[in-house]
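Q: I am new to reading protein structures. Could you take me through one, feature by feature?

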Amino acid sequence: MTFPQILKMSGLVSCLLALSACGGGSTSTATDTPDTSTTGTSTTGTSTAAVLCGYAKSEFNTSASVNATSTATWSCSGGKRSLTANGLPDHAVGTFPNPNNPNTIAAQRVSVSATLTPTPTSTATPRTGPFSLAGYVLNGVPIDPATAGTCDNSGARCDLASRSGSWDIEALGQSHFNFGTDTNNAHVQPGGVYHYHGVPEGFVSQLQKGTAMTLIGWAADGFPIYARYGYTVATDASSAIKVMTGSYRTKASPDASRPATSLYAMGTFKQDYEYVAGSGDLDECNGRTGVTPEFPQGIYHYYATDSYPFLQRCVKGKL
């Protein structure tokens with residue numbers, strides 16, 4: 001089974017509205033200690049098997065919206081990195097359901113895998129939506145930055161849960177529509193799937209790495225995903241740590257037939273952004289090749305960023 005194949009207790013469907021205010025604040029108790037080995041020696045296109053193959057975690061999440069044990073186990077064998085999890089977050093979350101989101105976080109049956117020998121390609125393969133996920137965070141929660149929200153050309157008809165219009169609404173980076181993401185940049189699908197649209201802040205915080213490169217997950221092509229920070233010089237681990245920025249910017253003028261900017265400012269829709277190589281630190285898939293703590297000889301890797309696209313929406317490795 002591969003990353004896009006995920007069996008659930010409830011069917012995956014498009015994102016609906018979620019809570020505008022965030023909750024949480026409860027504590028979790030770890031019942032299993034993850035393997036935090038950082039002794040990998042992989043290079044781009046070779047094995048990642050030396051890194052986090054024994055990551056396993058089981059913690060009771062006391063957040064009122066979860067109130068259950070989060071489980072995630074990663075293992076490596078037969079050339080595959082496999083994840084078995086229940087999809088429940090292991091950190092404080094917002095309140096679900098609520099007036100803006102009728103969905104309750106529910107346990108899922110996650111059983112996916114990706115190659116241990118990721119191979120870079122010359123093309124970017126789009127990966128968005130619940131049936132074509134770009135990857136998973138180590139806690140077994142999927143990354144799914146796009147939404148099902150759209151507007152028609154006039155902007156008079158917008159629906160946050162139906163792909164009936166031509167203009168794709170962004171969950172983050174705009175203030176016109178409220179998708180109710182909590183402080184973890186996450187919310188809940190109708191089937192109960194809690195998922196991230198941006199940096200998974202609660203998960204990152206509990207790793208307690210501070211201002212440092214922090215491995216938070218694995219992409220569908222087998223390459224690692226890091227949060228926010230990278231080396232100033234991609235090939236030099238002794239260079240300063242900096243906040244990584246994506247290489248997208250809002251277009252200088254709106255596309256033809258777009259809803260008026262007087263109604264919705266640029267940045268409201270996916271189509272408002274364009275990739276400009278070299279304008280930031282990363283490529284069109286929010287990744288780059290360079291050294292990392294786990295891969296001192298260098299590897300292609302992705303980033304969760306504070307700037308668009310927030311999480312990668314394509315992969316640069318062979319699937």
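Q: Is G79 buried, partly exposed or exposed?
A: First, a caution: this model is predicted. Now the idea: between 20% and 50% relative accessible area, a residue counts as partly exposed. G79 has a relative accessible area of 40%, so G79 is partly exposed.

Q: Where does G79 lie?
A: Look at the elements on either side. G79 sits in the loop between β3 (68–77) and β4 (80–85).

Q: Which residues does G79 touch, leaving out those up to four places away in sequence?
A: G79 touches A114, T115 and L116. Distance in space is another thing to read. From C-alpha to C-alpha, G79 and T117 are 7.2 Å apart, yet 38 residues separate them in sequence.

Q: Is E170 buried or exposed?
A: Buried means under 20% relative accessible area. E170 has 3%, so E170 counts as buried. E170 belongs to the loop between β11 (167–168) and β12 (186–188).

Q: What does the side chain of E170 make a polar contact with?
A: Its partner is the side chain of R313, at 2.8 Å. Leaving out residues up to four places away in sequence, E170 touches several others, including T147, F179, Y273 and Y308.

Q: How many helices and strands are in the protein?
A: The protein has 1 helix and 22 strands.

Q: What share of the residues of the protein count as buried?
A: Of its 319 residues, 52% do. Contacts give another view of the whole chain. Among contacts with a separation of 6 or more, 65% come from residues 24 or more positions apart.

Terms used
Residues are numbered from 1 along each chain as its sequence is written. This is a predicted model: local features need pLDDT of at least 70, side-chain atom pairs count only at pLDDT 80 or more; totals for chains, interfaces and linings use all residues. Side-chain values use heavy atoms; hydrogens and water are left out. Helices (H or I, at least four residues) and strands (E, at least two) are DSSP runs, numbered from the N terminus. Buried means under 20% relative accessible area, exposed over 50%, partly exposed in between (1.4 Å probe, protein chains only). A polar contact is a pair of N or O atoms within 3.5 Å; within protein, one must be able to donate a hydrogen and the other to accept it, and residues adjacent in sequence count only if both atoms are side-chain atoms. Contact means heavy atoms within 4.5 Å.
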